[in-house]
Amino acid sequence: KKYILDLKVASIEYVNPKNVLIRLTDDKPLPEMLPGQFVEVRVDSSPSTFLRRPISVHFFDRERNELWLLVAAIGEGTRALARLHVGDILNCVLPLGNTFTPASNPGERILLVGGGVGVAPLLYFGKQLKEAGAEPVFLLGARTASDLLQLSAFELYGRVCVTTEDGSAGEKGFVTNHSVLVSEHFDRISTCGPKPMMMAIAKFAHQASIPCEASLENMMACGVGACLCCVEKTVEGNLCVCKDGPVFDTNRLLW
Ligand code: FES
């Protein structure tokens with residue numbers, strides 16, 4: 001079931017010069033949301049941003065009744081989101097899309113690979129995995145140290161490995177070069193971030209015979225399978241990322 005809700009901004013803060021963390025709440029209990037799902041938020045500030053913007057669920061705090069969104073303020077719509085204030089109302093459709101695969105047994109070793117703002121949905125997923133007794137390890141990549149997002153939040157749920165392109169934090173290079181990929185065994189991988197990064201991780205996983213799923217961030221408009229602007233080619237034909245995804249087994253994708 002989907003809900004259209006006017007949620008209230010409980011807090012908003014820049015976590016670095018480009019990215020804002022928005023915590024939303026409501027007087028009533030928020031509907032259940034699962035890791036991997038997303039929200040379509042309406043941005044009303046100008047006529048050209050009338051469409052909703054898909055934003056992944058960064059974290060869902062049942063006790064505080066908060067939904068957290070981590071937003072890169074890079075386009076007109078997302079910059080408007082970054083200008084919200086505490087107490088403002090944000091109209092949201094939620095929860096949308098499928099979910100990451102939950103832990104299937106305690107002790108399962110799962111590598112969560114994120115790049116840029118694509119790390120967002122991995123925080124809530126990591127919490128779910130840890131609570132289920134699995135062992136999530138985060139491998140997070142960014143251009144420079146200041147682009148790494150929410151590291152201390154990730155550290156609450158698992159070990160965090162880092163790469164930066166300029167070597168200012170963690171290992172220098174890309175997530176696909178990190179030593180943890182060859183020095184440790186993982187039962188499966190989940191990834192979210194720039195497409196070239198996800199494709200490289202999917203290739204690594206395929207060669208190492210490790211199951212891998214990716215959360216795709218194709219352009220979206222309607223968010224409900226009506227406009228077809230988000231289609232992705234798969235072994236089963238064209239599928240809508242918004243309705244059939246956003247999480248796909250990478251072996252189903254024609255990458
Ligand atoms: Fe319209 Fe997916 S966004 S069909």
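**Notebook: sheet, domains and core**

I began with the strands and found that strand E1 (residues 3-14) and strand E7 (residues 89-96) run antiparallel and are joined by six bridges. I take strands as DSSP runs (E, at least two residues) and helices likewise (H or I, at least four), numbered from the N terminus. Two strands count as paired if DSSP finds at least two bridges between them. I note that the model is predicted: local features need pLDDT of at least 70, side-chain atom pairs count only at pLDDT 80 or more, and totals for chains, interfaces and linings use all residues. Residue numbers start from 1 along each chain as its sequence is written.

**Entry on the sheet**

I looked up the partner of Leu5 in E7 and found Cys92. Cys92 also stands opposite Val41, where strand E3 (residues 38-42) pairs with E7 in the antiparallel sense over three bridges. I then followed Val41 into E4, where its bridge partner is Arg53; E3 and E4 are antiparallel and share five bridges.

I recorded the whole as an open sheet of seven strands, in the order E4-E3-E7-E1-E2-E6-E5, with antiparallel pairing. Strand E4 (52-56) and E5 are the edge strands, each pairing on one side only. From one strand to the next the twist averages 35°, with axes fitted to C-alpha atoms, for helices over the stretch in contact, and angles taken from 0 to 180 degrees between N-to-C directions. Helix H2 (residues 120-131) packs on the sheet and touches E4, E5 and E6, its direction making about 45° with that of E5.

**Entry on the domains**

I noted three domains, domain 1 (3-96), domain 2 (109-215) and domain 3 (217-255), with bounds from an automatic or database domain assignment. The C-alpha centres of domain 1 and domain 2 are 24 Å apart. Twelve residues from domain 1 and twelve residues from domain 2 make the contact, which requires C-beta atoms, placed from the backbone, within 7 Å. On the domain 1 side, strand E5 (59-61) and strand E6 (66-72) each give two or more residues.

**Entry on the core**

I found 70 residues in the largest nonpolar core, and those with the most contacts inside it include Val39, Leu67, Phe138 and Ile201. Such a core joins buried Ala, Val, Leu, Ile, Met, Phe, Trp, Tyr and Cys residues through C-beta atoms within 7 Å; buried means 20 or more other C-beta atoms within 10 Å of a residue's own, placed from the backbone. Leaving aside neighbours within four places in sequence, I listed the contacts of Phe138, among them Leu112, Phe154 and Cys161.

How values were computed: Contact = placed C-beta atoms within 7 Å. Buried ≥ 20, exposed ≤ 12 C-beta atoms within 10 Å, placed from the backbone.
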